[in-house]
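Here are a few notes to read alongside the model. Have a look at the picture first, then work through the points.

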Amino acid sequence: MNTPIPTRLKLPVTVMLERRMISRSFWSMPSWYLYSVAVGENVAAAESASGSALSAGQSDKGDLFAWSGFQVTLYKDACERYWHALIGDKPLVYVVCRDTEEEEACNIRPVIVTIDYDEATACAETDELVLSAPIPGELYRYMESFVLAHYQPKAFKKRKRRKWAEGDDRGHQSGRG
């Protein structure tokens, strides 16, 4: 018996953001970058899903913070957008972040993780902070297999040009008058 292919796929992910401090003469401020998105529930501790960040060490450019408890959801009706991302030069994963009011080491928190460019763009248009990075290999493979199971690109059909100069029925005149 064949098992049906789900029309929605939810993948647990852990988000790692990098905080780089930009310092000038008398001030400094953080600048945030998406360091990585790892597929799996147990990559970071479960308590980070409550919204607080876990310190995850340091990179060569700044401090790393991790949040787990997020999901990337793939939808069947968005397969065409995923397909365009797959055939593009550089597929990306996007993390939408919001400022927090707390005075902590980390004054930002992720709220959405997506591979859908349209969803990320919609969030950016509402002044949300959207960070992106190249899609990790494991997430790419899930996206690719989901698209292969649910999407068939439409065959390109060249439209037939009509002869507009001869016998135009819409009442256009060929000359100026």
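1. What share of the 177 residues of the chain counts as buried? The figure is 32%, where buried means under 20% relative accessible area, exposed over 50% and partly exposed in between (1.4 Å probe, protein chains only).

2. Before you go on: this is a predicted model, so local features need pLDDT of at least 70 and side-chain atom pairs pLDDT 80 or more, while totals for chains, interfaces and linings use all residues. Residues are numbered from 1 along each chain as its sequence is written, and side-chain values use heavy atoms, leaving out hydrogens and water.

3. Now the layout. You'll find 3 helices and 7 strands, in the order β-β-β-β-α-β-β-α-β-α from the N terminus. These are DSSP runs (helices H or I, at least four residues; strands E, at least two), numbered from the N terminus.

4. Next, the rings: the whole structure has 3 aromatic pairs. One of them joins Trp 83 and Tyr 151, with ring centres 5.7 Å apart and planes at 45°, so the pair is tilted. (Rings of Phe, Tyr and Trp, the last by its six-membered ring, pair if their centres lie within 6.5 Å; planes under 30 degrees apart are stacked, over 60 edge-to-face, the rest tilted.) Trp 83 sits in helix H1 (residues 79-87) and Tyr 151 in the segment after helix H3 (137-150), so the pair ties together parts 68 residues apart in sequence.
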